[in-house]
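Please prepare a briefing on the structure shown below.

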Amino acid sequence: MTLDVNSILPKRLGVMLALLTAGLLSPLGYSATASTDTSNASQWQQTLEQAVGETVYWHAWGGDVRTNDFIIWVGEQTEALYDVKVKHVKLSSTAEAVTQVIAEKAAGENTNGAVDMIWINGPNFLAMKQQELLHGPFVSQLPNSKYLDLSSNSAASVDFTEAVAGLEVPWRLARFVFIVDSKRVQQAPLSMAQMLTWAQVNPGRLTHPVISNFMGSTFLKQALIELTPDPSVLQQPATEQSFALATAPLWRWYDAIKPHLWRAGKSFPENEAIQQQMLSDGEIDIAMAFDPAAAAAGIASGLLPTSARVFVPSRGTLGNISFVAIPYNASHTAGAKVVANFLLQPETQAQMQNIDVLGSFSVLDSNKLDAQQAQVFANLPSSEALPTLVDLGPTLLEPHASWTTQLKQHWSQRYSQ
Amino acid sequence: MSFKSWPKWLMLTALAVGILVPVLVGLGETIWAAFGILPALGRHTFSFNAWQQLLELPGLITSLRLTLVSGFAATTIALTLALFGSAWVYHSSGKKSFLSQLKPFVQAILVPILAAPHAAIAIGLAFLLAPSGWLARLFSPWLTTWELPPNLATVQDLWGLSLTLGLIIKELPFLWLISLVALKQIDVSRQLTLAQSMGYSHTTAWCKIIVPQLYPLIRLPVFVVLVYALSTVDMAQMLGPNNPPTLALATMRWYNDTNVQLLLPASAASVLLGILIAASVILWEVAVRTAMLTSKVMIRSGNRTGKYPFFTGVLTTALPITVMLGLLSLLVLALWSITWRWSFPDAFPTNWSYRYWLQLMTHVPLAVQHSIIVALMSSGLALTLSVAWLEVQDRLGGHLYKLTLWFIYLPLLVPQIAFLYGLKVGFLRLGLNGSMTTVIWAHLLFVFPYTMLSLVGSWRSLDKRYVQVATSLGRSWWSCFWRIKISLLLRPLLLAWAIGMAVSISQYLPTLMIGAGRVESLTIEAVSLASGADRRLVGVYGLLQALVPLLAYSFALLLPRLVALKK
């Protein structure tokens, strides 16, 4: 017993000291969070204490070096501040983490799961929510959730038309954008109709990732929203009739543009990273990304020419938010909450939005930040290739998930032989 | 159970518990899911819906055709080239050409290609051949006038030609090296000299006398190549067409789809792929036996002047080109690993950088350490099991083994992802989650068939009379086993071990799924980064991944020479 107390006590003291002094000593100015609600505060205090010494296994796509480095940085900070370590389990597809949890459930492993936290959104979230594989609701337990706009129709409360219901915490903003090499393309097509004309003039210089890839299906959805007579239909589950009606102009457009695509629309890049590489190699002129900072980040890491720029269609683009969720059987739930809360810290979000670090836009509601916090964001370095939020125009809502499933099916029925 | 046969029973138990049961558990879950039963998703009723969904998949026929054509073409061509290459090594012509001077170094030239991961070769080759690739860059714009790459399908062509080429490039060194090792069991030089003294040309003698003796020794490794070619995901992803893709890649996409209900048709597709592969292996075997039978007529005809200048000409050109493409793919990756930017049409990197190599030093030591421990343990265990099995069989015989052998090859027949899901559930039920031991066990299931397949041929060809003589001279069993079998078979044993090392190092899904992300490995790092398609990182990790197998192969090829020198 004495051994236990001796080994734990200094750690806890250390954490409390860290919590108390962090605001004064940390160069980024982390502030110990103060909640008005004392019961919430004591509950959070309990979570912090439980989390001490835990290692959080964060399953997250590992294909981007800058994100990987950011996750390392997050782990360093949470270890210093809360004695919570973060281990990044690098996935090549988020489905791998979902399968892991499904397999654990199948084997009756309901308490000691291997996955503590998943970078997730959209269909993967829907699948886990429907199969009741998620812990929570817990978002309101996090002190830093006060910086979020959680009103019922806000972007942080709805994930691909599915209610978040407190089961996942937003951490980075995603917006669909196009990337061009501004040296080769002076006049970027600003609507899907213009894109058809552009492709006819520049045959073989446009393509999209395979439709089974989420970037490929996003491109189709973006086109659908622009071309369909009434986009509001897309917010409802697709029926056979509404699908036929809403997608008819899309297929006419696609039939017209397909012969002018790269390799005459018979072959497609496997994912958006390969598509971006093709832009860099000069094989095509337009790439796609789900990150407004993609061009700036690509330049900073040498993956794109310095003349790469982002553009968005004038009527706006699809946007969604990346979340983190905790599986129902996570081994380190407390630790995962501490890390999720840390991700929402204004200073963390500012670090993430820094183009020299990651360049992903913050998910916080800027109206809820105090002047000092807002200043941190205002002081971030800028880059020529980095659009401002104003440049990005309106955010279009993701259609109901059933549209994506049916779009994929119909596309392959039409165009896979 | 008599006392005498206890080693047999011990062996059978070890194999059953260690390999057979996990394999059946793994397959069981997949087969259930193919017929609609997946309790984790609330599916409890038997149905054929998954099969119907699979059959309605657009482009399924094209997928099947692509799979079969690239698989069979790659295996046939790689085997032909390997046999021709082996003949060339043993052909002592008077002429001293540049190529003939390379003969002593053949193994050293092939080993890097053999050691490199499939994905690395595929990415290197894709960059070499792409319209924006290195070959195009070397000749642009001064010769081709291309300021921008042309819109040509030189990789990922719709016929799967570049995929077939990639498979040939990667599998040729495997078949060639294993042939050279197996040829040591045959007294090639004496037989060739004899045949030539009877007026047979070198080519005819090789085809009529050596190949019929060699093929049985490399039959199983040829199966390995065929199975790999039919089931590859990473090469198909980089080099194959993707709308529709090969069956293996289509299955993989379904497993990774965000719609988890697709796990059911994905399981049906896995079972279909398994059946397809098993049928292909049988078809191959039937074809080879028919060919052998019909060629007996030709062999007996006594015709000995055959020169076949056309075929010899084609093969003489194709062989060095294939090997060169493999080496260039690796070279170009090495170049990328020290590149910052390399724009079209620059012939060489525009800006250089060592930063990824430097970053590596801080990021991966633990991953490297884990990979090596797992590889050493699993390949060591696999080799021990293989030898024990073969030895028990030598001493006690038995037909049961032949049957069980097929089950052991099952992990090679179905897509890993299908098999691993069930295996994972099985391990979890036993309370084994994410430990190093579990990962080693899972690797063993994949490593063991490979060591076994590469060893069996040579082991069986060992002349039994050596042991009979030794026994009659009063040598103990242990002495016979150690002094005769192990020392005579040192070469194939070490090669089997090195192949096991390479197989273990390259395992991605078994490490990730069975290790639950708790066991880091070099390949997990490499594959997750490869999904980001950064050639510089793929270069760094691909070379690093090749390094451990390279050391293992070099050791396996050099040690027998050192031992021979010492004697």
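In this predicted model, E162(A) and K129(A) form a salt bridge whose closest N and O atoms are 2.7 Å apart, a salt bridge being a side-chain nitrogen of Lys or Arg within 4 Å of a carboxyl oxygen of Asp or Glu. The pair joins distant parts of the chain, with E162(A) in strand β5 (residues 162-163) of chain A and K129(A) in helix α5 (residues 122-130) of chain A, 33 residues apart. Helices (H or I, at least four residues) and strands (E, at least two) are DSSP runs, numbered from the N terminus. Because the model is predicted, local features need pLDDT of at least 70 and side-chain atom pairs count only at pLDDT 80 or more, while totals for chains, interfaces and linings use all residues; side-chain values use heavy atoms, with hydrogens and water left out. Residues are numbered from 1 along each chain as its sequence is written, and chains are lettered from A and ligands numbered from 1 in the order in which they are written.

**Salt bridges**

- Over all chains, the search of the whole structure finds 18 salt bridges.
- K129(A) is partly exposed, at a relative accessible area of 22%; buried means under 20% relative accessible area, exposed over 50%, and partly exposed in between (1.4 Å probe, protein chains only).
- R205(A) and D285(A) form a salt bridge, with the closest N and O atoms 3.0 Å apart.
- R205(A) lies in the loop between α6 (192-201) and α7 (214-227) of chain A, and D285(A) in the loop between α9 and β8 (286-289) of chain A, 80 residues apart.
- K221(A) is buried, with a relative accessible area of 2%, and E398(A) counts as buried at 4% relative accessibility.

**Cavities**

- There are 10 cavities of 30 Å³ or more, where a cavity is a set of points on a 1 Å grid over the protein atoms alone at which a 1.4 Å probe fits but cannot get out, and lining residues have an atom within 4 Å of a point.
- The largest cavity holds about 350 Å³ of space, a volume being the space filled by probe spheres set on the points, which are joined across faces, edges and corners.
- Of the 23 residues that line the largest cavity, I274(A), Q277(A), A126(B), M238(B) and R535(B) are the closest to its centre.
- The largest share of this lining, 4 residues, comes from α9(A).
- The lining of the largest cavity has 14 nonpolar, 4 polar and 5 charged residues; Ala, Val, Leu, Ile, Met, Phe, Trp, Tyr, Cys and Pro count as nonpolar, Asp, Glu, Lys and Arg as charged, and the others, Gly among them, as polar.

**Second largest pocket**

- The second largest pocket has a volume of about 1800 Å³, a pocket being an open set with protein on both sides within 12 Å along at least five of seven lines.
- Its lining comprises 49 residues, and the closest to its centre are T80(B), L83(B), F84(B), C207(B) and L315(B).

**Nonpolar surface patch**

- M298(B), Y308(B), F310(B), F311(B) and V314(B) make a nonpolar surface patch of about 580 Å²; patch residues have over 30% relative accessible area and no salt bridge, with like charges joined within 9 Å and nonpolar side chains (Val, Leu, Ile, Met, Phe, Trp, Tyr) within 5 Å.
- Y308(B) lies in the loop between α12 and α13 of chain B.

Methods. Accessible areas come from the Shrake-Rupley method with a 1.4 Å probe; for residues, only the protein chains shown count as cover.
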